[in-house]
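The structure is shown first, and the account then begins with a pair of side chains.

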Amino acid sequence: MNGKAPLVVVGDALLDRDLRGRAERLAPDAPVPVVDDCAERTRPGGAALAAYLAARDGRDVTLVAGVGDDPASRALRRLLEPWLTLVPLPLTGSLSEKTRILAQDRPVVRLDRGAGRTREATEAAREVVRSAPAVLVSDYGRGTADALRDVLAARPPLVWDPHPRGGPPVPGTRLVTPAEKEAHGLAPRDGTPRRDLRAAAHSAAALVRHWRAAAVAVTLGARGALLSYGEHPLLVPAPAAHHGDSCGAGDRFAATAAGLLADGVLVAEAVEGAVAAASGFVAAGGAAALPRADAEPAPPPDEDDPYAVAARVRTAHGTVVAAGGCFDLLHAGHVGLLQAARRLGDCLVVCVNSDASVRRRKGAGRPVTPLADRVRVLHALACVDAVAVFDEDTPERLLADLRPDVWVKGGDYAAADLPEAALLQKWGGQAVLLPYLDGRSSTALMERAAEGAR
């Protein structure tokens with residue numbers, strides 16, 4: 001057992017296919033690119049992708065979806081079989097397929113075929129929903145949510161990911177997750193055509209009332225998400241702006257939010273986690289970069305493991321950045337340093353001194369903040385991807401294991417005070433100094449606090 005709550009996903013499954021090649025010339029008979037050497041890759045799509053992502057998170061997942069016996073349905077079944085339990089509903093027509101043709105990793109055209117719709121609910125599917133500890137509805141407008149609307153209304157889901165061609169979420173849904181364009185199209189019209197935060201906030205508040213939902217989170221792409229309970233929205237920014245392939249990011253957001261809510265976190269915390277997961281998903285290449293679904297299932301990665309974080313970034317040919325310090329009383333100077341460090345690469349691992357290490361370096365009475373609290377505060381910063389702890393006076397042994405591409409220290413050090421610099425040269429890394437904000441330090445903060453107390 002991994003402590004993660006099981007999840008039932010109700011929605012419309014698709015089969016997605018990418019044909020990926022290179023385009024270096026135009027066709028002689030028309031001004032269109034010729035895409036050569038195409039490699040084909042199939043993967044779950046729609047609700048099946050949301051369920052698959054939740055299963056890859058280490059959850060026990062059951063997918064209730066319309067699936068037939070056509071070739072696309074059979075291919076999807078083979079992809080899903082190692083990962084989750086499928087409860088099929090009868091399908092009218094063949095399963096919908098979406099094929100993207102990409103050249104140099106950029107979509108050139110998309111081909112759609114298959115217009116299958118869920119014909120009706122089965123008693124087996126109804127019983128699965130009735131007994132589900134947590135439900136995510138992934139509506140792609142092909143009839144599954146409508147077929148089970150009565151049982152969903154009696155047991156409102158945790159998350160409903162809506163579609164313009166689908167029905168409204170059932171009243172009492174805890175969180176609805178429309179994309180920005182969807183929110184503006186689904187909200188009651190007020191004649192406001194804008195596409196800014198004010199308009200998103202207005203649409204979200206209107207949809208909370210219109211759908212009688214507990215909360216609505218409008219996803220804003222690289223800007224994050226805007227969470228509304230009906231007024232005074234909360235903007236959850238993305239930890240970093242990524243402009244790669246966003247295919248599947250909405251499913252990643254909904255699956256993460258539903259899983260976190262099932263685990264018992266608050267709605268705002270679930271949205272924060274979903275924004276971070278969707279941002280990381282796009283940074284890693286989106287749905288197209290997922291491991292093959294028909295490969296052997298692997299243990300889910302430990303998102304808090306700094307070595308696993310660094311390994312994933314290296315696999316994607318990214319830059320691993322590490323920064324170190326005691327971070328006893330986290331202040332604006334620390335935050336500015338860490339934010340600047342994160343902008344130097346694709347992940348930031350913070351190497352923090354243990355309590356014993358701080359005591360040896362700073363003397364009796366330090367640290368003021370114990371290690372567990374320091375780590376928790378660092379983890380809460382959007383710019384921090386992982387935290388590693390070292391017990392020595394310097395982090396050289398930790399760095400030798402982590403092998404970052406860039407090592408960052410605050411500007412109150414001189415180059416001669418960085419014994420780590422020579423170590424990084426062994427694997428081609430670079431040590432850099434970044435300036436602190438003037439007048440900020442943990443020692444100065446404690447001295448001012450002591451003077452105030454006297």
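## An aromatic pair

Tyr52 is buried, as is Trp83; buried denotes a relative accessible area under 20%, exposed over 50%, and partly exposed the range in between, with a 1.4 Å probe and protein chains only. The structure holds one aromatic pair, for which the ring centres of Phe, Tyr or Trp (its six-membered ring) must lie within 6.5 Å, with planes under 30 degrees apart called stacked, over 60 edge-to-face and the rest tilted. Tyr52 and Trp83 form this edge-to-face pair, at 5.4 Å centre to centre and 85° between the planes. Because Tyr52 belongs to helix α1 and Trp83 to the loop between α2 and β5 (85-89), the pair ties together parts 31 residues apart in sequence.

The model is predicted: local features need pLDDT of at least 70 and side-chain atom pairs count only at pLDDT 80 or more, while totals for chains, interfaces and linings use all residues. Residues are numbered from 1 along each chain as its sequence is written, and side-chain values use heavy atoms, with hydrogens and water left out.

## Overall architecture

The chain comprises 16 helices and 20 strands, taken as DSSP runs numbered from the N terminus (helices H or I, at least four residues; strands E, at least two). Of its 454 residues, 49% are buried. Among contacts with a separation of 6 or more, 64% join residues 24 or more positions apart, a contact being heavy atoms within 4.5 Å.

The accessible surface of the chain is about 21,300 Å², and carbon and sulfur atoms account for 53% of that area; the areas come from the Shrake-Rupley method with a 1.4 Å probe, and for residues only the protein chains shown count as cover.

## Nonpolar cores

A nonpolar core is a set of buried Ala, Val, Leu, Ile, Met, Phe, Trp, Tyr and Cys residues joined through side-chain atoms within 4.5 Å. The largest has 54 residues, of which Val9, Leu63, Leu136, Val159, Leu175, Phe253 and Val271 touch the most other members. Elements giving two or more residues to this core include β1 (7-11), β4 (61-66), α8 (249-262) and α9 (267-283). Helix α1 supplies the largest share, nine residues. Apart from this core lies another, of 32 residues, among them Val10, Val137, Val176 and Ala213.

Beyond its neighbours within four places in sequence, Leu136 contacts Leu7, Val8, Val9, Val10, Ala50, Val159, Ala254, Ala255 and Ala258. Ser138 lies in strand β10 (residues 135-138) and is buried, at 1% relative accessibility. Not counting residues up to four places away, the residues that Ser138 touches include Asp12, Asp161 and Asp251.

## Backbone features and cysteines

The peptide bond from Arg366 to Pro367 is cis, with omega near 5°; Pro367 sits in the loop between α12 (355-362) and α13 (371-380). His232, although not a glycine, has a positive phi of about 45°, and this exposed residue has a relative accessible area of 70%. Arg403 also has a positive phi, near 50°; Arg403 occupies the loop between α14 (396-402) and β19 (406-410) and is partly exposed at 40%.

The structure holds zero disulfides, a disulfide being a pair of cysteine sulfur atoms within 2.5 Å. Cys38 is partly exposed at 41% relative accessibility, and Cys247 is partly exposed at 22%.
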